[in-house]
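This briefing concerns helices, aromatic rings and charged side chains in one protein model. Please have the sequence and the structure at hand while reading.

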Amino acid sequence: MTAAAAYPTTPATYDRGAEGQAAFERAVATLWATDTWLNPQTGQPELNADLVLEGGGVKGIGLVGAILVLAEAGYHFRRAAGTSAGAIAAALVAAIEKSGQPMTVLHDYMDDLDYRQFMRGGDPLQQVFEKFGGRFADAWELMFRNGIYSGDYLRTWLVPKLNQCGVATWSDLAITLADDPGMSLPEGQRYRAVVHTSDISRGMLARLPWDYQDYYGLPPGDQDVAGSVRASMSIPFFFEPVRTATKPARAQMPDGSTVSWPGGTVTWVDGGMLMNFPIDAFNRVDGGTPRWPTIGIKLSAEPGAQPADVPAVTSIQEGVRCLQTMMSEWDRYYVEQATAERTIFVANAGLTATQFDLTAEQQQTLFRNGAEAATRFLIRWAEAGGVPRSSAQAAAAARQPAEASPA
């Protein structure tokens, strides 16, 4: 099979217009001719990428638009990392890839997601307050629980989708050296996906399933994928956190020391507090040359002009801004300097992460924004000879004079 014959001829993910579609198809042909990896097991060229997906609540629909354009170009996703909404997408992408289904199934799954169900209260008295007391219902929930909403709908929706792909526990998403003899991931990190959550009991980031064994004494392969995703998307105060019973564990630190935990119960909330955009999740640990790129998808405007400064003048505003800083803003400098060149920036249409009453038009806008951003990304890097495969290549590309990319 030649490179030209290898890439798919699937229908367009969205209407680019005749000129835009022609530019996209030229870019795809160029990438297949210049940026593939020759799989030593099959002898066939492959267009691969590892995905890193930012959190962002309902804005995650934009991730889907971008992912489907990459898949339309012929990309397969060997591994996916994500936080919050990015964790949902990462788990589904990994499961779909594992099942061998076309990535267009992702669109079907997301079409079945009713965002309004996330705002359903589980407490009968709270539901009465919702009907008659407006936002007093929220205060009631926070008085007696750790979140306004239960978040149970996530499992109701996600578990059947994963099951359709043959995925229930993390063992179903494990990969071995026989599957991928060239990978450099340590033994405890050989999975198709990883999701991030914030452990507020220990004050640390938890990477699931990677950290189950060493930090929590739990067999990673036995743990529920949907449960890990549910922990990652537990937006503080909005959704109830996830509490997990742990066993004695002992982990070796990078400096050679060890830390032991006696076991007990930990509380996990949204991973965006500590790691909203884990761009380095799949960096090679052996110093070798990356075989394919890591492509990030970020639910924000591309770095550039920023909004005017606004002071926090009340205690509530201060608390909200502290939470926002922890969950998204802290990594802006890092993204600008080291990863912007290999990141697809999806305009979020001014929507907030918890705006679960999205209209059909707003959902379509987010999806199209993701698709358009990914299309521009591929056209740009096809003209440049390929997507950067390392931070060093991305940094070198950033030093080149900026040129306008075709729409």
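A residue is called buried when its relative accessible area is under 20%, and exposed when that value is over 50%. Y215 has a relative accessible area of 17%, so Y215 counts as buried. The model discussed here is predicted.

**Helices**

- Helix α4 covers residues 85–99, which makes 15 residues.
- From the first C-alpha of α4 to the last, the reach is 21 Å, close to the 21 Å expected at 1.5 Å a residue.
- Most of α4 is covered, since 13 of its 15 residues are buried.

**Aromatic pairs**

- A pair of aromatic rings is described by the distance of the centres and the angle of the planes.
- Seven aromatic pairs are found in a search of the whole structure.
- One of them joins W170 and Y191. Their ring centres are 6.3 Å apart with 85° between the planes, and the pair is edge-to-face.
- W170 and Y191 both lie in the loop between α8 (152–164) and β6 (193–199), and the pair ties together parts that are 21 residues apart in sequence.
- Are W170 and Y191 buried or exposed? Both residues are buried.
- Why is the pair of Y215 and W261 classed as tilted? The planes of the two rings meet at 45°, which falls between the limits of 30 degrees for stacked and 60 for edge-to-face. The ring centres of Y215 and W261 lie 5.3 Å apart.
- This pair links distant parts of the chain, with Y215 in helix α9 (residues 212–216) and W261 in strand β11 (residues 258–261), 46 residues apart.
- W261 has a relative accessible area of 16%, so W261 is buried under the 20% limit.
- Y212, Y216 and W268 form one aromatic cluster.

**Charged side chains over rings**

- R16 lies over the face of F24, at 3.7 Å from the ring centre.
- R291 has its charged end over the ring of W37, 5.5 Å from the centre of that ring.

Methods
Residues numbered from 1 in each chain as written. Predicted model: local features only at pLDDT ≥ 70, side-chain atom pairs only at ≥ 80, totals over all residues. Heavy atoms only, no water. Helix = DSSP H or I, 4+ residues; strand = E, 2+ residues; numbered from the N terminus. Expected span 1.5 Å × (residues − 1). Buried < 20%, exposed > 50% of the residue type's maximum accessible area, 1.4 Å probe, protein only. Phe/Tyr/Trp six-rings, centres within 6.5 Å; stacked < 30°, edge-to-face > 60°. Lys NZ or Arg CZ within 6 Å of the ring centre and 35° of its normal.
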